[in-house]
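Please read the following report alongside the sequence and the model.

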Number of protein chains: 2
Amino acid sequence: MPPPADITVSPAPPAADGTEERILDAAIRVLGETPEASMQEVATASGVGRATLYRYFSTRDDLVRAIRLRALRDCREALAPDVLERGSTREALEAVIGALLPVLDRYRVLIDAPLPDRSDPEQRALVEAVERPLLDLIRRGQDGGELDPRFPAGFAFGVLGGVLRAARAAIAAGEVSPERAHPLAVRALLAGLGANGPEVPPCS
Amino acid sequence: MPPPADITVSPAPPAADGTEERILDAAIRVLGETPEASMQEVATASGVGRATLYRYFSTRDDLVRAIRLRALRDCREALAPDVLERGSTREALEAVIGALLPVLDRYRVLIDAPLPDRSDPEQRALVEAVERPLLDLIRRGQDGGELDPRFPAGFAFGVLGGVLRAARAAIAAGEVSPERAHPLAVRALLAGLGANGPEVPPCS
DNA sequence: GTCGGTTGAGACAAGAGTGTCTCGTGTTCT
DNA sequence: AGAACACGAGACACTCTTGTCTCAACCGAC
């Protein structure tokens, strides 16, 4: 007979109310503005005592790891099958940009953050769950003739990220509305990576 | 009567040999890999004692500011008139990418670093000296019909940065050779922002 | 009312980094 | 050789953050 369900093995957050989410939300906001903010600042921004903050996240690393995991999960869920599996690569990339822009906006913290810890299996798995379908989509587009096959998939992936960042920044700077930024980002990406583009000089 | 000229007001670096440059080079390398590296680590990497490091840069902020200034100056010099003032926007952007890629590679530190301190007049002036000609080039290309005028200049500038980052990353990952990355980056940028691209849906 | 559980405030030790300073050494110029 | 100078090593005080712990107050359930 398994141990009763109410015996939690790990320290486990005390309350089941939304406190953990509240802390996480505030932490994302504060660390997004000031990555080197102290636990005290995060606690204050969460409307919570520092001790309570440590009750939920026993370490600073724990906290940023939780943020990272949530961000990665959100990305993974934003890339649901109905987003990725459109008829054309163009439609799929259009949906991808639309789905990823809000997530990147939310997790501004991570935009300039060091790469996820590849030695953490959970993070590693999530990173792959996010990257692989996008790389697959790019390769599919190249095989299908919609995208220029001369771009290494990783390069194209990087351009996707760059365009998303640029769109985010332009929205944040008030240069474009989010609604307008989307088609512009789609246009820049698809034309930039699309087939039938200008010739590439053999080697400059 | 003013104090004699040989009484230096500021602490002023002791030696005129290449020590300061050596320190700066090492600091760029170390802080590029580990932005939170301590002064001790920087000193060790420079082959210099910590005390000597402080003799040249009296503060950690002093050091990173010096790095930033040098990076900005390098960028400014990379964007010399003969680079920017080509016949076509295409040629100019091609030259810009070629000139900026090595600089971005060198100052990897700053790629993910917080924005330069706008309250520091020297940094502010340099940032503008780098950004303005690029924004002007973009606008000129839009006016001349080479670039799609629907992109706000800041957005286009962001895409340029994103493509450069993607190219840098792809080179670092060994996905493309630097020689191959250049034409690909040019192609992605010019097709992405160029006129005669695919239609932009009015509002998606 | 009372009890169990959660909370905020704050004390606390430990560690790390910063910036200053001194001292003994080595080098260079004279 | 002697003077001047820059150096490395290291001691030092100081500050800041982290993570742990205690305690009194509070709240809901019974």
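Ala167(B) is buried, because 30 other C-beta atoms lie within 10 Å of its own; a residue counts as buried if 20 or more other C-beta atoms lie within 10 Å of its own, as exposed if 12 or fewer do, and as partly exposed in between, with C-beta atoms placed from the backbone. The residue is found in helix α9 of chain B, where helices (H or I, at least four residues) and strands (E, at least two) are DSSP runs, numbered from the N terminus. Leaving aside neighbours within four places in sequence, Ala167(B) is in contact with Leu101(B), Ala181(B) and Ala185(B); two residues are in contact if their C-beta atoms, placed from the backbone, lie within 7 Å. From Ala167(B) to Leu193(B), which are 26 residues apart in sequence, the C-alpha to C-alpha distance is 17 Å.

This is a predicted model, in which local features need pLDDT of at least 70 and side-chain atom pairs count only at pLDDT 80 or more, whereas totals for chains, interfaces and linings use all residues. Residues are numbered from 1 along each chain as its sequence is written, while chains are lettered from A and ligands numbered from 1 in the order in which they are written.

The confidence in each residue is given by the predictor as pLDDT, from 0 to 100. Chain A averages a pLDDT of 87, and 88% of the residues score at least 70. Over residues 1-13 of chain A, however, the pLDDT is below 50, and beyond near neighbours in sequence this stretch has three contacts in the model.

Chain A holds ten helices and zero strands. Of its 204 residues, 35% are buried, and among the contacts in chain A with a separation of 6 or more, 62% are accounted for by residues 24 or more positions apart.

| Helix | Residues | Number of residues | Expected span | End-to-end C-alpha distance |
|---|---|---|---|---|
| α10(B) | 178-193 | 16 residues | 22 Å | 22 Å |

α9(B) is mostly covered, with 15 of its 20 residues buried, and the helix is followed by Gly174(B), whose phi is positive, near 75°. In α10(B), 14 of the 16 residues are buried, so this helix is largely enclosed by the rest of the structure.

Leu31(A) has its place in helix α1 (residues 19-33) of chain A and is buried, because 22 other C-beta atoms lie within 10 Å. Its contacts, leaving aside neighbours within four places in sequence, are with Ala37(A) and Val109(A), and the C-alpha atoms of Leu31(A) and Arg108(A), 77 residues apart along the chain, are separated by 8.8 Å.

Ala166(A) lies in helix α9 of chain A and counts as buried, because it has 25 C-beta neighbours inside 10 Å. Apart from neighbours within four places in sequence, Ala166(A) is in contact with Phe155(B), Gly158(B), Val159(B), Gly161(B) and Gly162(B). Within its own chain, the C-alpha atoms of Ala166(A) and Ala185(A), 19 residues apart, are separated by 8.3 Å.

How many residues of each chain are in contact with the other chain? In chain A 37 residues are in contact with 37 residues of chain B. On the side of chain A that touches chain B, α9 (153-172) and α10 (178-193) of chain A each supply at least two residues, and the largest share, twelve residues, comes from α10(A). That side divides into 21 nonpolar, nine polar and seven charged residues, where Ala, Val, Leu, Ile, Met, Phe, Trp, Tyr, Cys and Pro count as nonpolar, Asp, Glu, Lys and Arg as charged, and the others, Gly among them, as polar.

A rotation of 180° with 0.1 Å of shift along its axis superposes chain A on chain B, with an RMSD of 0.1 Å. That is the relation of a two-fold axis. Because 100% of the interface residues of chain A are also interface residues in chain B, the copies meet through the same surface.

How values were computed:
The expected span of a helix is 1.5 Å times one less than its number of residues. Copies are superposed by least squares on the C-alpha atoms of residues with pLDDT of at least 70 in both.
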